[in-house]
Each structure stands twice: as structure tokens, then as C-alpha cells.
Amino acid sequence: MKIISAKCTISAVGPNQYPNTGYPEIVMVGRSNVGKSSLINSLCTRHALARTSGQPGKTQTINYFAINEQMYLVDLPGYGYVEASKAKPTEWGEFITNYLRNRQMIALIVHLIDLRHKPMKNDKNASEWLMGLNIPYIIVGTKADKISRGKLPAHIAAIRKELMLPAHVPALIYSKETGEGRDELWRHVRSVLAGRE
Ligand SMILES: Nc1nc2c(ncn2[C@@H]2O[C@H](COP(=O)(O)OP(=O)(O)OP(=O)(O)O)[C@@H](O)[C@H]2O)c(=O)[nH]1
Ligand SMILES: [Mg+2]
């Protein structure tokens with residue numbers, strides 16, 4: 001994907017602030033610190049488009065990044081970080097569950113799981129809830145550079161099993177350090193967007 005322009009346009013905490021340009025939205029979800037903001041930067045080959053941090057809880061609002069004036073990559077706050085969230089099943093604030101439940105422009109939910117660890121209870125809850133929304137859904141295993149190559153298939157298989165992913169749900173790997181997975185994820189995004197037209 002050739003990135004001609006990538007800019008942070010809006011930080012929203014409620015529907016009044018969502019954009020009305022009509023671009024489809026590709027949404028990053030996952031536990032705090034899993035690498036959602038880093039994934040947006042890496043997809044755009046920009047270092048500091050989305051703010052990242054070694055500390056969980058960095059992203060606190062729904063952040064829209066307009067790509068090539070044709071789609072948004074949407075960065076969400078993570079779940080599983082107690083101070084940043086209310087006690088929802090997915091441990092997200094209500095504004096996030098409302099966004100995911102009601103926003104018609106969502107074309108794809110990208111659910112990030114850290115490849116180093118088995119999915120936790122909150123990952124399983126989130127996955128089940130997200131699949132119930134009936135929006136195209138994909139798993140991306142992050143931090144692939146932290147796992148030896150030979151072990152990656154076993155880690156992906158463990159994620160598929162723990163989350164009970166149906167066969168039609170893709171599970172890709174990604175590393176922001178090496179860029180591995182970038183082309184494949186963009187290919188998938190493009191095919192999902194082509195299917196909406
Ligand atoms: N080695 C490695 N580190 C990564 C990768 N992706 C993200 N990280 C690191 O993981 C940490 C968290 O990254 P963020 O992108 O801020 O995570 P986030 O999911 O946006 O976190 P919140 O905004 O708190 O929900 C940072 O220290 C990143 O540098 C990756 O592919 N490889
Ligand atoms: Mg973030």
C-alpha cells in the first residue's frame with residue numbers, strides 16, 4: 001500500500017465527534033500495550049503518527065487517522081488496564097463499546113494478541129463479544145520479532161484454539177520491528193474494502 005497521506009484528524013470520546021466524511025474505518029482493538037498504536041505507525045511507515053508507550057494505558061480516546069483520504073485507521077484505548085477502564089465485560093469504557101456496537105462505518109475489526117502469551121480471559125471475552133458484532137474480524141499476533149521463527153506456527157495455533165476461531169477468521173503475524181506482516185495485512189484490508197463497494 002502506497003501511503004500518500006496519513007494524518008491524525010480526530011480524537012473522539014462520543015458520537016458527536018465521529019467524522020462524517022464517509023470513509024470506512026479499520027479499527028485496532030486489544031489489550032493495553034499489545035501494540036495497537038505501533039501497528040498504525042508501522043502500517044503507515046511513520047514513526048510517530050500514533051503515540052506509543054512502554055506503559056499500558058497510553059491511548060485514551062478514539063483516534064482517527066485518515067489514510068490517503070480514503071479510509072481511517074482507528075486507534076482505541078486498550079482493555080485490561082484497570083485504572084483506565086470501568087468494569088465492563090471487556091473492561092472497556094462505555095464510549096468504546098458503544099462505538100463498536102453502533103458505528104456503521106466500521107469495515108474491519110483488527111484484534112491484536114501478543115504472540116508471546118496465551119490469550120488471557122479478557123482476550124477471550126473480547127474476541128467472543130467482537131465476533132458477535134458480525135463485522136469482518138481478523139486476529140493479528142503482535143511482536144513476532146520476540147519469538148523464534150520456528151515457533152511462530154505453534155503460537156498462532158494456540159491463539160486460534162484458545163479463542164475458538166472459526167476457520168474463516170484469518171490470524172496473521174506482525175512485527176513493527178521488521179515490518180513482517182505489513183503487506184499481508186494491507187492486502188487483507190484492501191480485499192475487505194473492495195468487498196464493501
Ligand atoms: N518488539 C516489539 N515491540 C513492540 C511491537 N509492537 C509494539 N511494541 C512495543 O510495545 C509497547 C506498547 O506499544 P503501543 O503501540 O503503545 O501499545 P498499545 O496497544 O497502543 O497500548 P495502549 O495505548 O496502552 O492500549 C511499546 O513499547 C512498543 O514499542 C513489535 O512488533 N515488536
Ligand atoms: Mg495505544
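The legends below describe close-up views of a predicted model. In this model, local features need pLDDT of at least 70 and side-chain atom pairs count only at pLDDT 80 or more, while totals for chains, interfaces and linings use all residues. Residues are numbered from 1 along each chain as its sequence is written, and chains are lettered from A and ligands numbered from 1 in the order in which they are written.

**View 1. The open sheet of seven strands.** The strand order is β1-β3-β4-β2-β5-β6-β7, with mixed pairing. β1 (6-12) and β7 (171-173) are the edge strands, each pairing on one side only. On average, neighbouring strands are turned by 25° against each other, direction ignored. Strands (E, at least two residues) and helices (H or I, at least four) are DSSP runs, numbered from the N terminus; two strands pair if DSSP finds at least two bridges between them.

**View 2. Strand β3 and its partners.** β1 and β3 run antiparallel and are joined by six bridges, with Ile 10 opposite Tyr 64 in β3. On β3 and β4, five bridges make an antiparallel pair, and Ile 67 stands opposite Met 71 in β4. The hairpin of β3 and β4 has three residues between the strands, and Asn 68 there takes a positive phi near 50°. Five of the six residues of β3 are buried, so β3 is largely enclosed by the rest of the structure. A residue is buried if 20 or more other C-beta atoms, placed from the backbone, lie within 10 Å of its own, exposed if 12 or fewer, and partly exposed in between.

**View 3. Helix α2 (residues 94-102).** Ile 96, Tyr 99 and Leu 100 are buried. They cover an arc of only 90° around the axis, which puts them on the same side of α2; the arc is that of the directions from the helix axis to the C-beta atoms. Glu 94, Arg 101 and Asn 102, on the other side, are exposed. The buried residues of α2 pack against β3 (62-67), where contact means C-beta atoms, placed from the backbone, within 7 Å.

**View 4. The shell around ligand 1.** Ligand 1 is surrounded by 24 residues, the closest being Gly 35, Ser 38, Thr 52, Thr 59 and Gly 78; a residue is near if its C-beta atom, placed from the backbone, lies within 6 Å. Helix α1 (residues 36-43) gives the most to this shell, with three residues.

Technical notes:
Contact = placed C-beta atoms within 7 Å. Axes fitted to C-alpha atoms, helices over the stretch in contact; angles between N-to-C directions.
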